[in-house]
Amino acid sequence: MIQNLAPPRAVLRIAKTLEKAGFETWCVGGAVRDALLGHPHLDWDLATAAHPEQVQRLFPRKTVPVGIAFGTVGVLDEAGVMHEVTTFRRDVKTDGRHAVVEFGATLDEDLARRDYTINAIACDPTGKQVRDPFNGREDLANGIVRSVGDPEERMREDRLRALRALRFAARFDFAIEPATWNAILGSSAHMGRLSAERVKQEIEKTMEQVRCPSVAFSMWQSSGAFATLIPSLHQVTPVDLAAIDNIAMPLAAPVAGANASGYPTAKVNRRILRMIALFAGAGTTSVLQTLKALRFSNSDAAWIAGIISHWTAMSGEMRFAMMTPSGPPDSVLRRWAAMTGRTRLASVLRLAGARWAAERRTGLGAPPAEVVHSAYRRAIRIAYRDPVEVADLAVDGSDLAGIGIIGPGTGRMLRMLLETVITDPASNTRDALLAMASRARDEAGH
């Protein structure tokens, strides 16, 4: 496996600069682990004997103070890519959330403070030497997640380590060593010490890195992590979790935010869809509150909760319509688009499809995949082609005012006209709609 250890040239140049100045430097962390597994990894980090201020002096105008108090400085390479350079350190005091560190440690002391043996491996920048004091390579070969040293002590030092173990096990299809698993079980009741931001970040990493997140989240459930951290998901069902697996992993690193229409950009869409599939198991009464407690942005929380709300309201009708061999007619798809809004329909249908696929795999009756896929394609075309919102009508309030329809009656009339054109899009012309509105006004007058 050592032949896979080939740090990028930019990392080598940073390491050589440190070593030329007399500071021992090693590649560490997830990049070494992934390289030994033969997995691609872009984020190569370095551990060095140099203190943060010495690193800053060696790379003038090319550093970012990522975490000076913890010994970490970001060094920018020629392409502007940042690589974390961290001073060898040992823990002086920990409280389950934060650690007080001391510099001046050796590499082996630095590796001893890491969470799992598979993450406590270092290689020299040339990739020719490996330092592996805790037999992490053996655990990589055997597919085992094992704590460095005493598992219970490692969990007490940082409660997030339990969640990281679940992610690693699911990502690499590894088993968790029994003593480490028992320490995770014992740690679950104390996870409330974790900040909401750290819990959210761990959920996001699971969505981004794990092909089948249901494996990780089923361990969240069985370990008691859900009960402590997200009680509304404690009773989530296997089908609820399996639905997440039917949404592909994000294609690229997530980018926060939404576009001008208020729905997620393409890069975040799959991550958000996976979040929707997970939190659909929480139920509509608590999902928005749960998302806000986890520090989701207001826009993401509203989007996720909105999709789940629409799904909950429409799921029965959707299931019935999709069970017919030809699927729902265009008029029904237009009405669904009107109910959700055209920008949300795709996400509601993706959630439906993911859940139905999970049901089929467990032997439950669910709409056939070919019907669902066909209806999805038609629905997206219809949502962006046909009139499904009041703004799509060929008339507006000023047109209605011209024939004497004003005040609260304007909104009611526009909604009535929309119902008509949803059934018959060809009727969406100014003359036809004004004629309908005039007739409706006259009939109401009688």
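**Overview**

A: Of the 446 residues in the chain, 48% are buried, meaning under 20% relative accessible area, with exposed over 50% and partly exposed in between (1.4 Å probe, protein chains only). The model is predicted: local features need pLDDT of at least 70, side-chain atom pairs count only at pLDDT 80 or more, and totals for chains, interfaces and linings use all residues. Residues are numbered from 1 along each chain as its sequence is written, and side-chain values use heavy atoms, leaving out hydrogens and water.

Q: How many helices and strands are in the chain?
A: The chain has 21 helices and 11 strands, which are DSSP runs (helices H or I, at least four residues; strands E, at least two) numbered from the N terminus.

Q: How many disulfides does the count come to?
A: The count is 0, where a disulfide is a pair of cysteine sulfur atoms within 2.5 Å.

Q: What about Cys123, which cysteine sulfur is closest to its own?
A: That of Cys27, at 4.4 Å, which is too far for a bond. Cys123 is buried, at 0% relative accessibility.

Q: And Cys212, what is its relative accessible area?
A: Cys212 has 34%, so it counts as partly exposed.

Q: Switching topic: which helix gives the largest share of the lining of the second largest pocket?
A: That is α17, with 7 residues. Both α17 (342–361) and α18 (369–385) supply at least two residues of this lining.

Q: What classes are in that lining?
A: There are 8 nonpolar, 3 polar and 3 charged residues. Ala, Val, Leu, Ile, Met, Phe, Trp, Tyr, Cys and Pro count as nonpolar, Asp, Glu, Lys and Arg as charged, and the others, Gly among them, as polar.
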